[in-house]
Amino acid sequence: MPDIHACELPANALLRRYLDEGAYADCYRIDVAGNVSQPEFVEAFYTTAVFKLERRLLAWFASRPSTDQQARDLAHERRNSFAAWNVEARVNGQLLMADMHQRTRSWLMCVPAPAGAAGSTRLYFGSAVVPLGGARSGKPRMGFAFRALLGFHKLYSRVLLRAAVTRLAMAAERAQR
């Protein structure tokens, strides 16, 4: 299975504006064999076992239940909200979601892999965390919880992307049978 790489946000990434405005933003990518569409990627991402655990936690603690059908509808642009997120933007194979508190963003992008990798697709996943205004200084700050959880977040981002790629590969195998 190909490696997941931390990388810079592409110049056209919908998430880039948050990085440019001083938010924390990250980006991970992986090149996979075959042609994957944005709806296939979005559906796979939000219906993995790993993400279902996050969905279950959101249903319990935030009263934001969600289903695989809702994920499918989100992927195929028949829905603009999902669990604790709302669609902020969709354009050119990209989906940008904002959480219910407008503090975090999740971004997915699907594009053909660069030249030399014919018949493959590059999948991106990134997040942004918008800083809070400082109580004393008024300057934006990230806070203790962000700093304490950043290592976990980076690992979890890779796990989520790997789970989506595995789900896509299993779907491709089933389609070939």
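How many bridges join strand β2 to strand β7? In this predicted model, local features need pLDDT of at least 70 and side-chain atom pairs count only at pLDDT 80 or more, whereas totals for chains, interfaces and linings use all residues. Residues are numbered from 1 along each chain as its sequence is written, and side-chain values use heavy atoms, with hydrogens and water left out.

Strand β2 (residues 24–33) and strand β7 (residues 120–129) run antiparallel and are joined by ten bridges. Helices (H or I, at least four residues) and strands (E, at least two) are DSSP runs, numbered from the N terminus; two strands pair if DSSP finds at least two bridges between them. Tyr-28 has Phe-125 of β7 as its bridge partner. An open sheet of seven strands, with antiparallel pairing, has the order β1-β2-β7-β6-β5-β4-β3. Because β1 (5–6) and β3 (81–82) each have a single partner strand, they stand at the edges, and one side of each is left without a neighbour in the sheet.

Helix α2 (residues 38–46) lies across β3, β5 (94–99), β6 (104–112) and β7, where contact means heavy atoms within 4.5 Å. The helix runs at about 135° to β6; axes are lines fitted to C-alpha atoms, for helices over the stretch in contact, and angles run from 0 to 180 degrees between N-to-C directions.

With a disulfide defined as a pair of cysteine sulfur atoms within 2.5 Å, the count is zero. The sulfur of Cys-7 is too far for a bond because the closest cysteine sulfur, in Cys-27, is 3.5 Å away. Cys-110 is likewise in no disulfide, the nearest cysteine sulfur, that of Cys-27, being 13 Å away.
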